[in-house]
Amino acid sequence: MNKYAQVFQGTAFTSKSPKEVEILKDYLFCINDKGMIEQVVAPADTDYSVLLNAYEGKENFHRLAEGQYILPGFVDLHVHAPQWAQSGTALDIPLYDWLNTYTFPIESKFSDLEFAKTVYEEVVNTLLANGTTTALYFATVHKEASFMLAEICANKGQRGLVGKVVMDNPDQNPDFYRDASTETALKDTEAFILAVKELAKTTKQGVYPVVTPRFIPSCTDDALKGLGELAAKHDTHIQSHCSESDWEHGYVQDRFQKNDAFALNDFGLLGEKSVMAHCNFLDDDDAHLFAETGTAVCHCPISNAYFANSVIPIAHLHAKGVEIGLGSDISGGFSPSLFDNARQAVISSRMLEDGVDTKLPASERGVPNSRITINEAFYLATAGGGEGLSLPIGRLAENYAWDAQIIDTKLATAKLPIFNDEEDLHDVFQKIMYLVRPENIREVWVQGEKVHSRM
């Protein structure tokens with residue numbers, strides 16, 4: 001018996017539901033040559049000892065050391081790859097000023113392919129080192145540099161969903177950084193889609209082209225309509241920003257006399273493969289439309305604290321049946337870590353529930369039933385992201401990709417406070433989610449291939 005490409009033995013944590021974490025103690029995970037989990041075997045199963053006898057001691061058998069645990073790889077649903085070059089700067093000015101003073105000048109530099117290569121290689125490496133096995137990327141308006149990002153994901157083993165950004169509206173984009181015309185924007189987008197689909201044929205973990213109107217203000221009506229048609233023609237994923245801030249939400253209402261969600265839907269941009277970032281100002285009608293169309297919300301909690309003028313009611317949207325994942329929103333969010341964003345998601349939800357204005361009585365200060373737990377934040381970073389992309393990722397379960405992080409809690413330089421060898425495993429899970437740093441992430445696997453390790 002040697003049918004499996006890899007067999008792992010260890011304790012793992014995976015989402016059973018949005019609120020429940022399943023603990024798989026000392027399980028075997030059997031990975032086939034396509035990088036998919038073919039068998040998940042409990043110690044009590046009859047296959048367990050048979051498989052152990054067949055694989056133990058072989059090169060493709062991996063027994064986790066004491067204090068090591070397996071988490072699913074993280075799914076980051078919103079990364080501005082070029083903005084890695086400005087991460088950690090200028091977070092204290094309004095969104096409109098931030099874009100025009102810092103972001104657009106940085107992104108315009110990606111016409112230089114050498115510069116693009118340097119930044120893109122580093123952002124992919126950084127995200128892998130932080131346990132992000134799948135990333136949904138905004139690139140720039142530049143077709144060649146955007147394709148280069150897809151190639152870098154393919155070569156480094158990350159599952160990358162990459163969008164050439166469309167910004168053709170001369171009223172809302174600077175002269176030095178926008179698509180030359182609507183026609184050029186659509187033509188370049190289609191060429192990009194076809195090139196990435198060709199690249200995907202030779203990429204084990206998959207790379208995917210994404211139709212990417214930056215957000216409604218950046219695009220003309222003709223571009224939005226044309227992008228919806230291209231997404232339908234080529235069956236691609238779609239991404240944009242939706243109802244992020246007071247300014248952007250108000251702009252769309254003034255232009256279309258409706259909210260972002262309905263405007264985007266009119267252009268064919270909502271659907272099972274659509275992910276909309278932020279969505280802080282969705283009302284119940286918008287949420288119903290998202291649930292009805294299968295459109296996912298990407299929650300970017302660190303970025304929202306800086307630019308969204310609000311806290312998104314995640315618990316309320318989940319209760320409405322909306323699919324929700326987690327995003328770093330580099331560089332509106334300064335951290336490339338979804339651990340950091342999961343922690344902030346919990347913190348922000350507690351602040352929304354409890355309120356922040358102490359001049360009000362406690363009963364009037366917050367929004368009841370808004371809090372989420374670390375279990376739910378973990379779900380957003382893993383299974384929720386997979387469902388948002390309609391891909392078999394984000395869970396340690398049969399027929400899912402082996403995308404995994406090996407976490408070491410006993411690392412001398414970043415030891416977690418676990419002083420009892422018999423500590424409750426759910427408590428261990430919580431300590432991992434709140435305390436892990438990048439150095440605790442010893443290995444990262446994507447589609448059955450090791451893509452990152454720390455010695």
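I started at one end of a strand pairing and found Ser15 standing opposite Val21 in E2. I'm working from a predicted model here.

Next I looked up what sort of pairing that is. E1 and E2, the latter covering residues 21-31, run antiparallel to each other over 9 bridges. The two make a hairpin, and I get 5 residues between them.

Which strand pairs with E1 in the parallel sense? I found E4, residues 61-63, joined to E1 over 3 bridges. As a landmark there, I noted that Gln9 has Arg63 in E4 as its bridge partner.

Then I checked burial along E1: buried or exposed? For residues 6-15, I get 10 of the 10 as buried, so E1 is largely enclosed by the rest of the structure. My cut-off for buried is under 20% relative accessible area.

I also sorted E1 by direction. Gln6, Phe8, Gly10, Ala12 and Thr14 point one way, while Val7, Gln9, Thr11, Phe13 and Ser15 point the other way. Both sets are buried.

New entry, on helix H7, residues 246-256. I listed Glu248, His249, Gly250, Tyr251, Val252 and Phe256 as buried. What covers the buried residues of H7? I found that the cover includes helix H6 (221-234), strand E11 (237-242) and helix H8 (260-266).

Gln257 follows the helix, and I noted its positive phi, near 55°.

Conventions. Residues are numbered from 1 along each chain as its sequence is written. This is a predicted model: local features need pLDDT of at least 70, side-chain atom pairs count only at pLDDT 80 or more; totals for chains, interfaces and linings use all residues. Side-chain values use heavy atoms; hydrogens and water are left out. Buried means under 20% relative accessible area, exposed over 50%, partly exposed in between (1.4 Å probe, protein chains only). Helices (H or I, at least four residues) and strands (E, at least two) are DSSP runs, numbered from the N terminus. Two strands pair if DSSP finds at least two bridges between them. Contact means heavy atoms within 4.5 Å.
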